[in-house]
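Subject: A structure to look through

Hello,

Please find below the sequence and the structure that I promised to pass on to you. Once you have had a look at them, read on for an account of what turned up.

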Amino acid sequence: MGNLLEKDIVGTIGSQKYLCTISWRNGQLIMDEPESNGGKDLGPDPFSALLASLAGCTLATLRMYIDRKGWDIPEINITVNATQELDGEFETIFSRQISFSTNITTEQKERLLLIADKCPVSKILKGKITINTML
């Protein structure tokens, strides 16, 4: 199985505490820690970036499905957050709240809940993850 991305994501950090530059195929973003953690809050922290990935993927997946069905739902809104618990085993719990700018039917609601879980980032987060690290 091949890589998900054509080009690797590349990250760099210099001497400025926690300020990272992240590059992808044709752009860059900066990531930083909030001031409460010693950063300057110049960009999203890693947890925010992870949650933003889940939010963006969910929204795009829902939009594709809604458009394909021809449903008149002009706007989708989402809030995402996470908690972490250590009760014998370390667990991260993601909460995702989706709302729409218009009323939707019970049938649409049931279907869109299923579709939200089919977004690729949701599948990654719910699946088995292995991180191979090399120096």
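Just after helix α1, Gly-70 takes a positive phi of about 75°. Please keep in mind throughout that this is a predicted model.

Two other residues belong beside that glycine. Most residues other than glycine have a negative phi. Tyr-18, although not a glycine, has a positive phi of about 70°, and Asp-41, also not a glycine, has a positive phi of about 55°. Tyr-18 sits in the loop that runs between β1 (10-13) and β2, and because its relative accessible area is 36%, Tyr-18 is partly exposed. Asp-41 belongs to the loop between β3 and α1, and its relative accessibility of 48% is why Asp-41 counts as partly exposed.

Glu-35 is also found in the loop between β3 and α1. Its relative accessibility is 60%, so Glu-35 counts as exposed, the cut-off for that word being over 50%. When its neighbours within four places in sequence are left aside, Glu-35 is in contact with Lys-40 and with Asp-41, the latter being the residue with the positive phi of about 55°.

The strands on either side of the next turn are β2 and β3, which form a hairpin with two residues between them. Strand β2 covers residues 20-24 and strand β3 covers residues 27-31; they run antiparallel and are joined by five bridges.

At its start, a side-chain oxygen of Asp-45 reaches to within 3.0 Å of the backbone nitrogen of Phe-47. Does the span of α1 agree or disagree with what its number of residues leads us to expect? At 1.5 Å a residue, its 24 residues should span 34 Å, and because the C-alpha atoms at its ends are 35 Å apart, the two values agree.

Several residues of α1 are buried, among them Leu-51, Leu-54, Thr-58, Leu-62, Tyr-65 and Ile-66. Which elements do the buried residues of α1 pack against? They pack against β4 (76-87), β5 (89-100), α2 and α3 (120-126).

For Ile-66, once neighbours within four places in sequence are set aside, the contacts are Trp-71, Ile-73, Ile-76, Phe-100 and Leu-112. As for Tyr-65, its relative accessibility is 7%, so Tyr-65 counts as buried, given that the cut-off is under 20%.

Conventions. Residues are numbered from 1 along each chain as its sequence is written. This is a predicted model: local features need pLDDT of at least 70, side-chain atom pairs count only at pLDDT 80 or more; totals for chains, interfaces and linings use all residues. Side-chain values use heavy atoms; hydrogens and water are left out. Contact means heavy atoms within 4.5 Å. Buried means under 20% relative accessible area, exposed over 50%, partly exposed in between (1.4 Å probe, protein chains only). Helices (H or I, at least four residues) and strands (E, at least two) are DSSP runs, numbered from the N terminus. The expected span of a helix is 1.5 Å times one less than its number of residues. A polar contact is a pair of N or O atoms within 3.5 Å; within protein, one must be able to donate a hydrogen and the other to accept it, and residues adjacent in sequence count only if both atoms are side-chain atoms. Two strands pair if DSSP finds at least two bridges between them.
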